[in-house]
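Hi,

Here's the structure I promised to pass on. Have a look at it first, then read my notes below.

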Amino acid sequence: MGYIELNVLNNETTTVAMGIDLGTTNSLAALWQDGRPVVIKPDGKNGKIPSVVQFPGPNAIPLVGGKALEQAVVDPRNTIFSIKRLMGRGLADVQDDLAAFPFPVTENVRGLLQIDVHGKPMTPQEISSLILMRVHDLACRAMSGNEVVKAVITVPAYFDEPQRQATRDAARLAGIEVLRIINEPTAASLAYGLDRRGEGTVVVYDLGGGTFDVSVLRIEDGVFRVLATSGDTHLGGDDLDRALIDMIRGELSEQLGPDELNDPAFLQAAKLAAEKCKVELSAHPRADLHLMVPDRRVSFRRTISREDFEAAIAPLVERTLDACRLALSDAGLTNSDIDEVVMVGGSTRVPAVLKRVEEFFGRKPHTELNPDEVVALGAAVQAHVLTGGNRDILLMDVIPLSLGLETMGGAVDKLITRNSTIPCQSTEGFTTHVDNQTGIDFNVVQGERELASDCRSLGRFKLTGIPPMPAGMPKIAVRFHVDADGLLTVSAKDESSGATASIEIQPMHGLTDAEVEGMLEASFANAQADFDARRVVDLKAELETMLRVTEKHLTTAREHLDPESLTDLEDAVRSGKHAMTLNDPREIQTVRDGFERATLPLAALLMDSVAKSALAGKKLDEV
Ligand code: AMP
């Protein structure tokens, strides 16, 4: 069984929502179609959109996905990757990542990270929204131009509230309505239909391009609880590629010299070559590592055996198993308590990884679904359920980290404990600490640690207007409420005066509403230009195909078309070629439409000859 087979009792579902796996290396989206989740694969490709954005110039339209990735070698300074690592974080949180980025990352006065792009600061949320816009675009095209504005987006189980909020903000900037943010391991389990087990314990082993996550989930009555997570945010397929490069480093440095070897552009080219070799080694016992960098006069080829590769990566694979041990012990479980193991992420295709995981857990992991797609598929299942696809399955997500208030002395009073299912709420009484205190400062924190300084502060607010009274007399009720979307609102009320104060949590390192609005306005201002540019690309692609096909059949046209239709067609070909040099979508559209009309007689002629040839027993491709 691959995914949940839902009994669609009626066809009321009018809203289509997408599931989006917004990954560190690649993103992809899935839609519910014909009773099952399907990954969107434009042009028959694999559906993965590299999570990369390249900014060609100060006012140029950014490239997103494969085209941006191609620029990583030539323009590393303006090609932004791994933006997920920066979402909802402060500069202190990402020190380990900074060295690997060829673009500068700074922090503004509000603690918001920003990347300098051609002199303009951009937040991770804005860059991430460009990736989401591309995903959104593909989903709309897959639905034949129908708007798909709602989505379920996945995040790692360990993402805290600011990271989740940053993801929501990115979606909002992209014009996407977030139905729910769900955990990636939950989504993967849903794709395999594991929520259908009455109860059980599942390990989700996720080895992607740059990160490794392992999660232990408990399923009870369709509710997923994250018992423990572990992993390494800097361990993944990229490290396997590096292990391969290290295998040839000695030979390479003889050709190049050690300085050249560390040049970022060269390393990027080496990484692509190593990755190609690694992927081949998953299917074959040996493969060539072929590295060509004409600029540097490098042409290098060496055959690598799977055995040698496995020996080189063994320590990395063992590190993932150490993390599995840790997660199990945090959950208070042993290997034998695990009912199912789910493999996620492209790197789980490496046979040595699969073998070691199977040995470690003593059971065959689920690999029936494509490990790149399984998270997006699960998100699409959830999106379908949330848009009314099937009301029988009630899926609930849980609070990943406890929420509480800082109390006197810097301790934390937890009002909502981790793994509470959302929506949820909790109210507690507080009082003043000194006589005649008329105001209280609340610091809302998230985390499992006992001291507020060890937790993450989500925001502060003040309650004023408390009548002067001896310490301990005022009764202040504080209510935490997390809605179905995971949005936290904290309110405080002084019972004697009725004074109230509340905040919707605006996390640190998050965007203010005003900032989001400002960015949205700016994106609306650029929307027409962005839209036009995309339209030009699409129209030219269409025109190019029309020109190619028409030119192929010009001889037939000259032999059989009436003179008027032939002149029209030849004029249309000329205008079409000229339109390929234009940049105004409206002008190109007019030419394209005229072209289409001019080709109708030729199309009729061809159809006719196809029919005749078929009748004469000729194959169609011989026509
Ligand atoms: P993800 O982030 O899940 O898309 O994983 C991408 C990672 O999977 C990259 O490091 C890829 O090189 C790796 N990958 C994809 N296909 C294979 C394969 N057949 N064998 C080994 N690694 C692969």
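**Around the ligand**

In this predicted model, a ligand oxygen sits 2.6 Å from a side-chain N or O atom of Glu275. For Lys278, the distance from a side-chain N or O atom to an oxygen of the ligand is 2.7 Å, and for Asn26 it is 3.2 Å. Glu275 and Lys278 turn up again among the nearest of the 16 residues around the ligand, together with Gly209, Ser282 and Arg349 ("around" means having a heavy atom within 4 Å of it).

Now look at α6 (residues 237-256) and α8 (residues 264-283), whose axes come within 9 Å and cross at roughly 120°. Axes here are lines fitted to C-alpha atoms over the stretch in contact, with angles from 0 to 180 degrees between N-to-C directions. Helices are DSSP runs (H or I, at least four residues), numbered from the N terminus. On the α8 side, the contact (heavy atoms within 4.5 Å) includes Phe266, Glu275 and Lys278, while α6 brings in Leu240, Asp241 and Leu244, among others.

**One more pair**

The axes of α9 (residues 306-330) and α10 (residues 351-361) also come within 9 Å, crossing at roughly 40°.

Residues are numbered from 1 along each chain as its sequence is written. Local features need pLDDT of at least 70 and side-chain atom pairs 80 or more, while totals for chains, interfaces and linings use all residues, and side-chain values use heavy atoms, without hydrogens or water.

Cheers

How values were computed. Helix = DSSP H or I, 4+ residues; strand = E, 2+ residues; numbered from the N terminus. Polar contact = N/O pair within 3.5 Å; in protein donor to acceptor, adjacent residues only side chain to side chain.
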